[in-house]
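Dear colleague,

I am passing on to you the structure shown below. The notes that follow it set out what was found.

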There are 2 protein chains.
Amino acid sequence: MEEAQAAALRGEVPVGAALSGPDGQLLARAGNRVEEWHDPSAHAEMLVMRAATAQRSGRRLADCVLYVTLEPCPMCAAAATHFRVGRIVFGAYDPKGGGVEHGPRVFSHPGCLHRPEIVGGVRERETGRMLQDFFRHLRA
Amino acid sequence: MEEAQAAALRGEVPVGAALSGPDGQLLARAGNRVEEWHDPSAHAEMLVMRAATAQRSGRRLADCVLYVTLEPCPMCAAAATHFRVGRIVFGAYDPKGGGVEHGPRVFSHPGCLHRPEIVGGVRERETGRMLQDFFRHLRA
């Protein structure tokens, strides 16, 4: 949530992520960098998965947990399959842009080669409110 | 196809991509860098979309064409929505890993905010053969 707040201060959509390793230690944390980096793929989830895997010399993340304040979009959800993330814990559900419980539901297809455990709706009200506040401010 | 061949020589799954701008000029070309960069998201398509958008200071790719030797996976297809790619031209269909005509079919959901034009199966036999040769060699 700190990363999401920091992202909002940079003018980014306030989504933050963290990745913890097998002993619960923090491997990476990041917020969105889409605007700053001119990179529409620089979602918080992508950044922490890439950082953690690079640190582990390419070892995939089956023993890791990805925490993110918003339901991952289809790109990030599908990336979590490539990175072999063990578990995803996310905050607010995203009926419009989500790809886990909504839209293409990327883990729900028979061909999906790796399905993380999913825990959604954690601190849903707080994480959702940050996004609502951000978009309300944008429109004002 | 040259990028795919170069990727194979680096021990990468041989997939290559190129991105052309509004006048048909080449903006970026790349092959997979998953192994070399320890980055499971370093698919050829992601690399060219990121490179081209950075070059254009964040301008999205609605007037651009993404060429790739294999049907994009769900991650890359969903990324193409974020990057607002105008058209995707791909080679071999990928019934196991594809995300455009197979699996989650990310552009086929009502919530999908941007759907590139899709042209699939271009030089399908040649692009498919490169992949078959690569995997046959790996198993040998």
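In which hand of crossing does helix 3 of chain A pass helix 3 of chain B? The crossing is left-handed, a term used when the near helix is turned anticlockwise from the far one by less than a right angle, with right-handed used if clockwise. Helices (H or I, at least four residues) and strands (E, at least two) are DSSP runs, numbered from the N terminus.

Please note that this is a predicted model, in which local features need pLDDT of at least 70 and side-chain atom pairs count only at pLDDT 80 or more, while totals for chains, interfaces and linings use all residues. Residues are numbered from 1 along each chain as its sequence is written, chains are lettered from A and ligands numbered from 1 in the order in which they are written, and side-chain values use heavy atoms, with hydrogens and water left out.

**The two copies of helix 3**

The axes of helix 3 (residues 74–82) of chain A and helix 3 (residues 74–82) of chain B cross at roughly 155° and come within 8 Å. Axes here are lines fitted to C-alpha atoms, for helices over the stretch in contact, and angles run from 0 to 180 degrees between N-to-C directions. The two helices are therefore roughly antiparallel to each other; angles over 145 degrees count as such, under 35 as roughly parallel, 65 to 115 as roughly perpendicular and the rest as oblique. On the chain A side, P74(A), M75(A), A78(A), A79(A) and H82(A) make the contact, and on the chain B side P74(B), M75(B), A78(B), A79(B) and H82(B). Contact means heavy atoms within 4.5 Å.

Helix 3 of chain B is mostly covered, with eight of its nine residues buried. Buried means under 20% relative accessible area, exposed over 50% and partly exposed in between (1.4 Å probe, protein chains only). Its cover includes helix 2 and helix 3 of chain A, together with helix 2 (44–55) and strand 4 (87–92) of chain B. After helix 3 of chain B comes R84(B), whose phi is positive, near 55°.

**Helix 2 and helix 3 of chain A**

Within chain A, helix 2 (residues 44–55) and helix 3 pack at about 20°, their axes 9 Å apart. These two helices are therefore roughly parallel to each other. E45(A), M46(A) and M49(A) of helix 2 meet M75(A), C76(A), A79(A) and A80(A) of helix 3.

**The nonpolar core**

The largest nonpolar core has 70 residues, and those with the most contacts inside it are L19(A), M49(A), M75(A), L19(B), M49(B) and M75(B). Such a core is a set of buried Ala, Val, Leu, Ile, Met, Phe, Trp, Tyr and Cys residues joined through side-chain atoms within 4.5 Å. L19(B) is found in strand 1 (residues 16–20) of chain B and is buried, with a relative accessible area of 0%. Leaving aside residues within four places in sequence, the contacts of L19(B) include V48(B), M49(B) and L61(B). Beyond four places in sequence, M49(B) touches residues including L61(B), C76(B) and F83(B).

**A loop residue**

H38(B) lies in the loop between strand 2 (26–31) and helix 2 of chain B. Its phi is near 50°, a positive value in a residue other than glycine. H38(B) is partly exposed, with a relative accessible area of 31%.

Yours sincerely
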